[in-house]
Amino acid sequence: MNKKLFYPAIFHKAEEGGFWISFPDLPECLTEGDNMQEAYEMAVDALGLCLTSREEEKEEIPAPTSPEHITLESDSFLVVIEFDMLAYKKRTNSKAVKKTLSIPEWLNEEAISKGINFSQVLQEALIERLQL
């Protein structure tokens, strides 16, 4: 999955004030906000929850519909939501996982003698290798 995604969201004016938001490409993705800033932030979070849930369940993640193909009602307007999947995952999933690995004994002894934090080195190397 790409790191940054752009999905159209429809902001509907709510009778009680504020907005409720729907995503044409993701019918299960709905949220609301009391003002424009809150509504946008809630839309980003709702989109993140929906996309990561689909990813975890191995469900299809649809391509975003082009905004010009979306029909709007009179009390609504279109906002394109920018979503950074990697940033969302970093913010919402900091759970550590244990990995077992093998290295030569001499390398292990040398690293221990230098006080090397194996987990930190592996994280840094993976981030560099994955260009994150």
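**Surface patch and sheet**

Modeller: This is a predicted model. Helix α4 contributes the most to the nonpolar patch, namely four residues.

Colleague: Which residues make the nonpolar surface patch?

Modeller: The patch consists of L101, I103, W106, L107, I112, F118, L122, L126, I127, L130 and L132, and its area is about 1000 Å².

Colleague: And which elements give two or more residues to it?

Modeller: Those are α3 (105–113) and α4 (118–129).

Colleague: Where is W106 found, and does it count as buried or exposed?

Modeller: W106 belongs to helix α3. Its relative accessibility is 60%, so W106 counts as exposed, the threshold being over 50%.

Colleague: Turning to the sheet, what is the order of the strands?

Modeller: The order is β3-β2-β1-β4, four strands in an open sheet with antiparallel pairing. At the edges stand β3 (26–33) and β4 (76–84); each has a single partner strand, so one side of each lacks a neighbour in the sheet. On average, neighbouring strands are turned by 30° against each other, direction ignored.

Colleague: How many bridges join β1 to β4?

Modeller: Nine bridges join β4 to β1 (residues 4–13), and the two run antiparallel. In this pairing, A9 stands opposite V79 in β4.

Colleague: Which strands does helix α1 lie across?

Modeller: Helix α1 (residues 36–56) lies across β1, β2 (19–23), β3 and β4. The helix runs at about 150° to β3.

Note on methods
Residues are numbered from 1 along each chain as its sequence is written. This is a predicted model: local features need pLDDT of at least 70, side-chain atom pairs count only at pLDDT 80 or more; totals for chains, interfaces and linings use all residues. Side-chain values use heavy atoms; hydrogens and water are left out. Two strands pair if DSSP finds at least two bridges between them. Axes are lines fitted to C-alpha atoms, for helices over the stretch in contact, and angles run from 0 to 180 degrees between N-to-C directions. Contact means heavy atoms within 4.5 Å. Patches are made of residues with over 30% relative accessible area and no salt bridge: like charges are joined within 9 Å, nonpolar side chains (Val, Leu, Ile, Met, Phe, Trp, Tyr) within 5 Å. Accessible areas come from the Shrake-Rupley method with a 1.4 Å probe; for residues, only the protein chains shown count as cover. A salt bridge is a side-chain nitrogen of Lys or Arg within 4 Å of a carboxyl oxygen of Asp or Glu. Buried means under 20% relative accessible area, exposed over 50%, partly exposed in between (1.4 Å probe, protein chains only).
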